[in-house]
Amino acid sequence: MRAKLKAIPISAWLGLSIVTLNLLVFVFGPMLAPYGMNEIVGAPFDPPSGQFWFGLDQNGRDMFSRLLAGAQMSIGVSLAASLISFSIGIPLGFVAALFGGWVDTVLSRVVDTVMCIPVLISALVVLQALGSSVPVLIFTIALLDSTRVFRLARVVAQGISVLEYAETARLRGESLGWLITREILPNALPPLIAEFGMRFCFTFLFVAGLSFLGLGIQPPFADWGGMVKDNQQAILYGLYAPLFPAAAIALLTIGVNLVVDWLLNSGNATQGVDR
Amino acid sequence: MIQLILKRVALGILTLLLVSALIFAGTQLLPGDVASAILGQNATPESLAALRQDLGLDLPAWQRYFSWLHGFVTGDLGMSLANRQPVADLLWPRFGNTMALAAYAAIVSVPIAVLLGLAAAVRRGGVFDRGINIVALAFVSLPEYFLGLLLILFLSVQFNLLPSLADTYSGMSFGDWLRATTLPALTLVLVTVAQMMRMTRTAVLSVMDQAYVETAFLKGLRTKRVVLRHALPNAAAPIVNVVAFNIAYLITGVVLVEAIFNYNGLGRFMVDAVAKRDLPLVQAAAMVFGAAYVILNSIADIAAIALNPRLRHPR
């Protein structure tokens, strides 16, 4: 165990601590915030001070409190979207790989077609039709992103299903459910966990990007992408206000990427890295 | 080889058709219809029926799809709901702006990224390779607006070298245009170079691991010769794919960058249309972006077929 811990490179430790810190903020953020997220405590764009660590935003609200409170939306929406996208993509990918034939052909063609359109463009079309709300955001991103998960899950399951132990189980007459949960899933976990990190990074940046465009999470909820957009003009006066939420977004992404990089380089989880 | 290329072109056209159907279907998700969305509270049954007939909404969906597709192919993109102007007049100039910005970024970033990727691959595991990989990983993680805001803060606010807003107008001199668009282009370059360099490195390394490269080394050839004569011709096709992937990314990456720098391109235009829920505009813009993406990927595949030494010299 000790040797294993020592084998973890510094970059991975850095990544793990950034991710842990963000998860703590995600869970406890609103409780730790010294001020309310919509509470006006001073003049717009007051610079950072001992009382207000990151200064005040365009409406005179405490930036630090809003960052802590905003984690809930920024991380929560993308976490929910990634989880849903995996619970759609993995079963469908496994089924496509195990059944083969027309099931595989139909699913793969549908996925290929959806992937022919840039994700941002597809998302904009759906948001135009349905309007932007948190459930619409989560399900749109989850559905669009599940195509990537499907592809990886399918490739991994195909690789495993031809191995001897899977073959043996099939010859024993085990059911499809057994094959998926007992033979394929445990062995597919390492690449899928690394992929989860990557997909989370993508959805997190994606949600933040949509909010930055004004089409993501809507006020009165605080979220990091929207905070960058709201404070953007301050940069023209040499104020750092929009850089704090932007840096928070960048920090979490770097942290997750460092962990994923380590996972991909350490195990044999290198198969099927597809972005 | 010609046959392969023709097949790829046919596949591209089929993909375009599927993409258009998908985009059309996506815009039909709205519960209720466009007519009630336009008229809102003031709708009477008579005015709704009149507007539906006016917009052709009384026809079944597949008929509307084909008339939309026919319009698209013949250049009639419909009327904007927001200001009743032809979509084509609003869309094409902005599409030109977007392509100009993407081209500016691509011309700078592609050579830099390919050279850096090659250099890192040749010196695998060396200080240069490891250093540049860490830098690239950091840049891949940075969102466009973070880089863009930093560039504005340093290059335009503190040192006043470049304008912070990409104000362009028709009839602008080329020098002025370059000056106005350098910051957005630079942001795109920073984001794509990192990604493209990492992918180029991977592509070259997978070729370098092949048996014939090892043979070439064992024959006693110098590294330079092995890389340029043996590895590079075979890595060309994957590198072209990497470049196309990133140029395709540029096309959508501009959406965020246009918003940061207030650039008058198709991306910002589409975002505004989504906010106003202007259906014909969004439909047309999505189709143009989708088509550009599909066409670029087809060109890349065709280039990869043409560059593949084994296909070029069939036995």
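Helix 5 of chain A (residues 119–130) has 12 residues, which at 1.5 Å a residue should span 16 Å; the end C-alpha atoms are 16 Å apart, so the two values agree. The expected span is 1.5 Å times one less than the number of residues. Helices (H or I, at least four residues) and strands (E, at least two) are DSSP runs, numbered from the N terminus. The model is predicted: local features need pLDDT of at least 70, side-chain atom pairs count only at pLDDT 80 or more, and totals for chains, interfaces and linings use all residues. Residues are numbered from 1 along each chain as its sequence is written, and chains are lettered from A and ligands numbered from 1 in the order in which they are written.

Chain A contains 10 helices and 0 strands. Its pattern along the sequence is α-α-α-α-α-α-α-α-α-α. The C-alpha atoms of chain A fill a box of roughly 75 × 55 × 30 Å, taken along the principal axes. Of the 275 residues in chain A, 49% are buried. A residue counts as buried if 20 or more other C-beta atoms lie within 10 Å of its own, as exposed if 12 or fewer do, and as partly exposed in between, with C-beta atoms placed from the backbone. Contacts require C-beta atoms, placed from the backbone, within 7 Å. Among contacts in chain A between residues at least 6 apart in sequence, 69% join residues at least 24 apart.

UniProt, in an unreviewed entry, places the feature "domain: ABC transmembrane type-1" at residues 71–264 of chain A. UniProt positions follow the numbering used here, feature names are shortened, and annotations may be inferred rather than shown by experiment. This span is 82% helix and 0% strand, and its end C-alpha atoms lie 27 Å apart.

Helix 5 of chain A is largely enclosed by the rest of the structure, because 10 of its 12 residues are buried. The buried set includes Leu120(A), Leu124(A) and Gln128(A). Within chain A, these buried residues pack against helix 6 (134–161) and helix 8 (176–212). In chain B, their partners are helix 1 (2–27), helix 10 (223–261), helix 11 (266–276) and helix 12 (279–307). Gly131(A) follows helix 5 of chain A, with a positive phi near 75 degrees.

At the interface, 36 residues of chain A are in contact with 39 residues of chain B. On the chain A side, helix 4 (101–115), helix 5, helix 8 and helix 10 (243–266) each give two or more residues. Helix 5 of chain A supplies the largest share, 10 residues. The chain A side divides into 27 nonpolar, 8 polar and 1 charged residues. Here Ala, Val, Leu, Ile, Met, Phe, Trp, Tyr, Cys and Pro count as nonpolar, Asp, Glu, Lys and Arg as charged, and the others, Gly among them, as polar.

The largest nonpolar core has 151 residues, and Leu124(A), Val282(B) and Ala285(B) have the most contacts inside it. Helix 10 of chain B gives the most to this core, with 21 residues. Such a core is a set of buried Ala, Val, Leu, Ile, Met, Phe, Trp, Tyr and Cys residues joined through C-beta atoms within 7 Å. Not counting residues up to four places away in sequence, Ala285(B) touches Leu91(B), Leu266(B), Phe269(B), Met270(B) and Ala273(B).

Helix 11 of chain B is mostly covered, with 8 of its 11 residues buried. Among them are Leu266(B), Arg268(B) and Phe269(B). The buried residues of helix 11 of chain B pack against helix 5 of chain A, together with helix 5 (87–122), helix 10 and helix 12 of chain B.

Key
Two residues are in contact if their C-beta atoms, placed from the backbone, lie within 7 Å.
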